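Dear colleague,

I am passing on the structure that we spoke about, and my notes on it follow directly below.

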Amino acid sequence: MKPEAGPFRLPRWLRTVVAPLVMLLCFFYLGRTLWLGAQQVDWSQVTVRPGPLILSAALFALATLIGGLCWSLLLEGLGQHASLRANLKTHLRANVAKYLPGYAWQILGKAYLCKVQGLPMGPVAVGIGLEFVTVILTGAWVGLVTAPSAWLELLGVGWLAAWRWPLAAVLGAFLIGLPWCLRLVFERIELVRRRTESIRVSVRPLWWMLLWMILAWLLLGLAVYGLIASLSAIHLGQWLA
């Protein structure tokens, strides 16, 4: 069932001004960052390969869409059954704000768009925090499982090489058990406070969210490889060495 639009809305004239202004600021900051980075590259020594570059862009776009799917599954796991299209729209629009300095813009933007969407702020706040935590944890798990030992040495954490698989097993077990823990916590909160509006956690959507999030990380890794490959003549074996 599609939720009704929430009562919290900026005046129409203000939304007409603010939305394009935020978009312009995002693209200005992104363009400025790219321009300053490009100034540090000796382009006479670089040959751009369009094939890997296009593949990299496609993988980045796909990973971003999967991020929207993860947000929708996360909301479903917290008892909010909004439409996938509306959740994707909210996630993608808020995602643009990450190109502004500071992570707060993306969080505030997503909270506001969810309010406009008609979602209650309690589950949204929990969802935003949980999304932040699970993105870090799933990224750490993917890194432990896939990163070559030489990369760990390069990052100054070579000692992890001997402990990577036990750590990956512990972290994987924690991620599997996390939805159950959340369910128990909110059931306890509902029992203690006797609040009927408490968040009702569903385990299965959260498990699917974690699996899709891991896939998004893998796609981002391939996208980075494609980006590097588009600017230099390397192959996968050299990259992993």
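Across the whole structure, a search finds two salt bridges, a salt bridge being a side-chain nitrogen of Lys or Arg within 4 Å of a carboxyl oxygen of Asp or Glu. In one of them the side chains of lysine 110 and glutamate 131 meet, at 3.1 Å from N to O. Lysine 110 belongs to helix α4 and glutamate 131 to helix α5, so this pair ties together parts that are 21 residues apart in sequence. Both lysine 110 and glutamate 131 are buried, where buried means under 20% relative accessible area, exposed means over 50%, and partly exposed lies in between (1.4 Å probe, protein chains only).

The other salt bridge joins the side chains of arginine 183 and glutamate 187, at 3.6 Å from N to O. These two residues both lie in helix α7 (residues 164–193), four residues apart, which is about one turn of the helix. Arginine 183 counts as partly exposed because its relative accessibility is 31%, and glutamate 187 counts as partly exposed at 41%.

As to provenance, this is a predicted model, in which local features need pLDDT of at least 70 and side-chain atom pairs count only at pLDDT 80 or more, while totals for chains, interfaces and linings use all residues. Residues are numbered from 1 along each chain as its sequence is written, and side-chain values use heavy atoms, with hydrogens and water left out.

The chain has nine helices and zero strands; helices (H or I, at least four residues) and strands (E, at least two) are DSSP runs, numbered from the N terminus. Of the 241 residues in the chain, 32% are buried.

A cavity is here a set of points, on a 1 Å grid over the protein atoms alone, where a 1.4 Å probe fits but cannot get out, and lining residues have an atom within 4 Å of a point. The search of the whole structure finds one cavity of 30 Å³ or more, and the largest cavity holds about 50 Å³ of space, a volume being the space filled by probe spheres set on the points, which are joined across faces, edges and corners. Helices α4 (104–117) and α5 (121–146) each supply at least two of the lining residues, and the largest share, three residues, comes from α4.

Helices α2 (50–77) and α8 (203–231) each supply at least two residues of the patch, the largest share, four residues, coming from α8. Leucine 231 lies in helix α8 and is partly exposed, with a relative accessible area of 36%.

Cysteine 70, by contrast, lies in helix α2 and is buried, at 4% relative accessible area. Its C-alpha atom is separated by 9.2 Å from that of leucine 88, 18 residues apart along the chain.

With best wishes

How values were computed
1 Å grid on protein atoms, 1.4 Å probe; cavity = no way out; pocket = protein on both sides within 12 Å on 5 of 7 lines; lining within 4 Å.
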